[in-house]
Structure formats: structure tokens, C-alpha cells
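Welcome! Please take a look at the sequence and structure below, and then we can walk through two spots together.

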Amino acid sequence: MKLWRKPFDHNEKAVAPAKVHIDKERCKGCRYCVEFCPRKVLSMSSEIGPKGYNPAMVSDESKCLACGFCEAICPEFAIKLSGNSATAAGTEDAVQTAKK
Amino acid sequence: MIKALTGSFFINGDTACAEGAISAGCLFFAGYPITPATEVAERMALRLPQVGGVYIQMEDEIASMNAVLGASWAGVKAMTATSGPGFSLMMENLGLGVMLETPAVLVNIQRAGPSTGLPTLVGQGDMMQARWGSHGCYEIIALAPSSPQEMFDFTLMAFNLSEKYRVPVLIMSDEVVGHMSEKVIIPPVALEDLVSRKRPKTGPDKYLQYKADADLVPPMAIAGEGYRFHATGLTHDERGYPAMTAEAQDRLVRRLVDKIRFNKKDIINYKEVQVDDADVVVCAYGISARIARMAVQQARQQGIRAGMLQLITVWPFAEERVRTLAAQVKAFIVPEINYGQIVFEVERCAGGKTKTVLLPHMGGSVHKPETILEAIKELAK
Amino acid sequence: MSEGNVAVEATSIEKYLRQDRMPHIWCPGCGIGSVLGCFLRAVDRSQINPDKVAVVSGIGCTGRVAGYVKLDSFHTTHGRAVPFATGLKLANPELKVVVFSGDGDLVAIGGNHLIHAARRNIDMTIICVNNFNYGMTGGQVGPTAPFQARTTTTPYGNFEPPFNLPYLVAASGAPYVARWTVIHLRQLESAIVEALARSGFNFIEVIGPCPPVYGRMNKEPTGMDSLHYYQQKSVIRNGSDPKDAGIDLNGTIVVGKFVDSKRPTLWDSLSQVFAKAKERTRID
């Protein structure tokens, strides 16, 4: 998104990318993480995993927003994010709402 | 608050069965109305809330059996009651109960079949179904009461057996016993006399869901205690995980069957009337045992050496006793209200050493004592 | 789990998975794993005591969920998860009972039990993964398959109208009915959190792909095609009338929270029964 000026709190509020770990033994090459990453951080590798699938891989870590969608959508529990707890953000609100 | 009854009562078999369950500590009943078992449900509906238990009428017999298994896994003694058509519906999940090794009591107040048959009249045609009704290879325990007093006593026994061996136990009663009213003495039942399932001795990290002890019965964890176990109807290994191999199948099925077979001495029960010097033994169960008793008495009065073997546990079958008696007697007479079911077991165990004669009755009423007496007289010659 | 030589701290939901049974058996592109992930994250966020959670499932692909969760779990017979769960809950009301099963299991063979449990408003959460067919057995038609869908037992197209699940369950009395798809992960997770916090019968339908069979036979040959379909054709309409939630073949999928109400639960009524029984002085 193109901004006409830099927000004043740009440095404090910047989201740090998370480290995306993909377990090649679990990945079945479904491509959901690649497709639905909003910043196109991931892509398919040409390696072959132990079960014969092409696992996904991180191709541009710097663009990651730590939204956690890849971790959530992976049906194989193959993706784990570390280094940033932003994945909790969305659901924290839901818990607070449900508790009311 | 009213608790278990004690004293002397004039009640019918179904009611006595329900009271037996309450005295055994049963706190859950899920059932569906069916003649002639409805009174068991009605009594439980009345009494369970009085003792802090839950009665729920489920939408069908299949749901009833499953709810009973679920309640048992939550740590509560549970029971259901039905008759022929409902018994057939419960078969698949009786198998689930056997496979998961769930203590539970299933009462069948038999009526004449097949199919809708004679809903209000007696039959004993589900005896083989009790043994073989569910698919696959398994062994089950089935008791056959012949009076309201025995309905009370055997229901208590059934709960103890089911908890001890972690297997559903069947009470194969019949419409006459269920609907007859007689004196029933309900003694105070001490907690020490009640058997409860073995609990795990180790904590959750060391516990293996289906690792059996020397008696082939594994200790049972229940839901909500932190054991985080998995129970599946698929063939499983000792961890409880599905194991799709012939080896796992062999190990599991053998243990499920041997669990009952190896403990036969503890499980099998029968009553004998003047059998020691008998020339002819009437082998009977349920209401037929009452009539046989009278026929045997009458025969003895006429100088004939007749005796009766009343099967308390019909399954596992009292093979050894029948084999021993076969060497002694001229004939076995098996009066049953069906066209031959338990007679085949008697014949098998007699092993050709003696005659085995079936006195069938298709159902709708009971044998006449004269019929049995005539047969005794004929075979004692 | 590890990536190369880098050991990764197990995140919060790995502790709820039976590590010795991973990787799971679901097909590449199957959404059940994603739904399970949402469920486990919801359990974690809800701060429910996991020792008190009991997961009951039936037979089918979704039914396999019970085998992968490190919680008290029961893999019961086809269609009978709901009555089994009913027995569990009534015998121990402290248990948090969750039924996790598929459309064929819950709605066809288990249909009767589903509507009665909704009628009773017994406390439990039902997560029904709807992939419009019987996946485990190879893709036969189910009672939720859209009209004209091709399956192995409807080679000329499904000639039966399907159930509108939210409508069915709402009409049976469920006070909480929601539908999401596998792509609506955050909303699904919130819905499960909500359901777990509520009393009563809470039903969540999740539309998911079945690439090797239903998908292949109905213009969704890969899981990606199914997810794109959900992305393009699903419409969020919270509060809409469940009767408008029917799904035509390749048509609009209305998702959202349809019913969110309150009514007395089974335990509320049973408590009154106990009170009356306590006061009774005669046996009969």
C-alpha cells in the first residue's frame, strides 16, 4: 500500500517478520501456504520429501508479516512460526468477546 | 432421600431387576420402551433420580446402548433393558462394548420372535444371539434368571462380573419371569461386596490403555482424570492406537476371548437339584427351569431318579459339568421355549456319551410340567 | 519436529497432538487437518482444562480426528458418536464433550441422534466437517451432496435433494448454529472458542475439500480448486435465516453464525427432576 507520508509511529509499530519453519517430513505439497500467504513469502521447492512430496519453502523471509495464516491453514501441522507472537492477535479478541 | 431398598417386597421381575441395579450402584440407565422390558425402564426412571442417578430415554435402542457405553467410560455403572427387536439393534454396539472393554449390563426380557412376534408373550429364542449376535470373534457373559428373586440377585451379579472382567454382561430373562410378581428379599448390600473396575496403578505417563494384568483384564482409566487415553473400535495395540496388522488382531482377539475363557471357573454358575444320583438330568434355564423343577419333583415322587441342572450362566456354557454328567446319566432333557438353541451346546458337551433330547416350545406360553415328566419317564427306562 | 539441524520449540498446539502418530493419514489438500488445528488452538485459547475435554468421533475421515488428539478420545461406531457423547456428558457433567465427525456419519446414519441431541439441548459442541460425500469409502453420495453432484454412487448425477444442515439443526432446537469453510480459519477458530464457552448444543458445520474423490468428480480436482471456490463463492451473512443456507452444486455458500440464542439445557431440566425426587418420601 502506497502511503503519501510515513506514519509518525512507523518504527514502533512495524511488524517484525516471523521465522517460518516448514517440516519437510510432514508437508504434503498442497500449496495452501504458498497460495494464501498475503505477502508471497513462500513457494514450492523442487526437493522431494521422504514421502515423495515437494515441500514448501520460504523464498522471501523479509516480507513476512507474522500473520500466522500459513501456520493455521497448513493441514499437516507442518508450519510453525517463531520469533513473533502476532499469530495470537486475531483470536485473543475472540476469547475476550466470548468471555463477556 | 430414599436410597437402595431393603426388606421383603412383592414385586415383578422387571422391577426386581431395576432394584438389583440400584443396589449394585448403577447410576445411569438409557433405554427405549419395549414390551415386556418397559417396566425396567419405568422403575429406573422413578428410582434413579432418587439415588442421584440419571435416567434418559433415548431415541432408539442403538442410542441407548451407546449412551450406556459413554456413561460407563465416564466412570458410572450403567444399564439398559430391551427385548428381541431392540436386542438385535443393540448388537453392533454390544460389539463396541466388548472391543473397548466397557463394563455395562444389558437386559433382554425375551419374547417370542422372530421379528415382531408375540410382543406380550414369552420366548427364549435369543439365546444363541446372545452368544453370537454381534459380528466378529468375541466371548460374552450371559445370565438367565428364573424368578423375580433371581432377577434381583443376578442383576447384582451381572454388575460385579461386568466390572471385574470389563465386558458387557447380558441378562437373558423372559417375559414370564419379567412380568410375574413374587416375593423378593432385598438385603442391604455392603460396598465391599460390590466390585468396581480395576483402576490404573500408575500415572498418565506410564499408563498403557490396554495392557492387561495376569488375569487378562487391563486397568481402566476413565474420562476426565487426565489419562488422555484413546479408545477405538478399530483393532488396537496396548497403547490403544489403531493397529492394522494380523499380529495385532491375533493378540487382541485372543485376549478378549481368553479373558472370559481363562476365568471360567470364576464366572460359570449353575444350581443343581438332586443331580448326584440322577438317571436323567433336565438341563434348563430361565422360566423353563421353574417348570423343570416341578417335573423333577413329581418324577422323584414316582420313584424315578431325575435331577435338574439349572444354568445360571448360560454363556460361557458349563461345558465341564455337562461333560461330567454325560458319563453318569442315561439322557439329558433340554426344555426350551425355542426350536433348539442351548440343546446344541448340551449335545456337543455330551459328546455322544449319552442321549440329548430337546423339548421345544415355539413360544407364547410355557411348557407343561407333564410334558417334561413324560419325557423323563420315557428316558429313565 | 525439526527443520534441518534447527530445533524448534513446540508451539502451543503440538502438545495436543499424539506425536507418535504423526504425520496423519489425511490426503494432501484435505481440510480436516486445518479444522483440527483451529479446534486445538481454540481449546488452548479457551483455557479449558484439557484433562476435562473428551473428543468423540464416529467413522470416516473426520472420525479419525479422535485418534490424533492427545485428549481423552473415543473412536466409536458409525453414526453413534452423539449418543455416546450424551452418555459421557450425563454421567459426568464436568466433562467438556466435543463431537468431531463428518457429514455422512453425523447426518445420515447419525441423523436421528443429531436431531434428538439438538432437541434436548444437551451441553456439547459438534464440529461437522462437510465434504459432501463419504470420503473414506471412496466418494459415495451423502445426504449433504448437492443436487446433481457426481459421486461414485450417483454416476448420472445426484438425484436427491440434500439437507440444509444449519436449517435442520436449528429447526431441531440447537441454540448455536454456525457454518464456515476451511478457508475461514480465524472465524472458525472464534466460533469454536465461542461454542466451547457456551452451554447447550452448539453446532458448527465446516465445508471442506475432498480432492481425490468428491472434488475430482465435481470440478474441484485439487484442494486448491476447492479453496478457491470457497473463497470466491462464499458469502458471510451472520444472523441470516438458516433456511437460506442451502448449497447448490458449485453455488453460493452462505457462511456465518446463523443462530446464537439461549434456552434451558438438558441439565437445567434434569436438576429440577433431582430436586423433585429428593423431596419424595414414598418410593412409588
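B:T235 touches B:M99, B:Y241, B:P242, B:A243, B:M244, B:A248, B:Q249 and B:L252, leaving aside residues up to four places away in sequence; contact here means heavy atoms within 4.5 Å. This is a predicted model, where local features need pLDDT of at least 70, side-chain atom pairs count only at pLDDT 80 or more, and totals for chains, interfaces and linings use all residues; side-chain values use heavy atoms, with hydrogens and water left out. Residues are numbered from 1 along each chain as its sequence is written, while chains are lettered from A and ligands numbered from 1 in the order in which they are written.

**Around B:T235**

- B:T235 sits in the loop between strand 10 (230–232) and helix 8 (246–261) of chain B; helices (H or I, at least four residues) and strands (E, at least two) are DSSP runs, numbered from the N terminus.
- With a relative accessible area of 14%, B:T235 is buried (under 20% relative accessible area, 1.4 Å probe, protein chains only).

**Strand 3 of chain C**

- In strand 3 (residues 53–57) of chain C, 5 of the 5 residues are buried, so this strand is largely enclosed by the rest of the structure.
- C:V53, C:V55 and C:S57 point one way from the strand, and C:A54 and C:V56 the other way.

**Its partner strands**

- Strand 3 of chain C runs parallel to strand 5 (residues 96–102) of chain C, joined by 4 bridges; two strands pair if DSSP finds at least two bridges between them.
- C:A54 has C:V97 as its bridge partner in strand 5 of chain C.
- Strand 3 of chain C also pairs in the parallel sense with strand 4 (residues 72–75) of chain C, over 4 bridges.

Note on methods. Buried means under 20% relative accessible area, exposed over 50%, partly exposed in between (1.4 Å probe, protein chains only).
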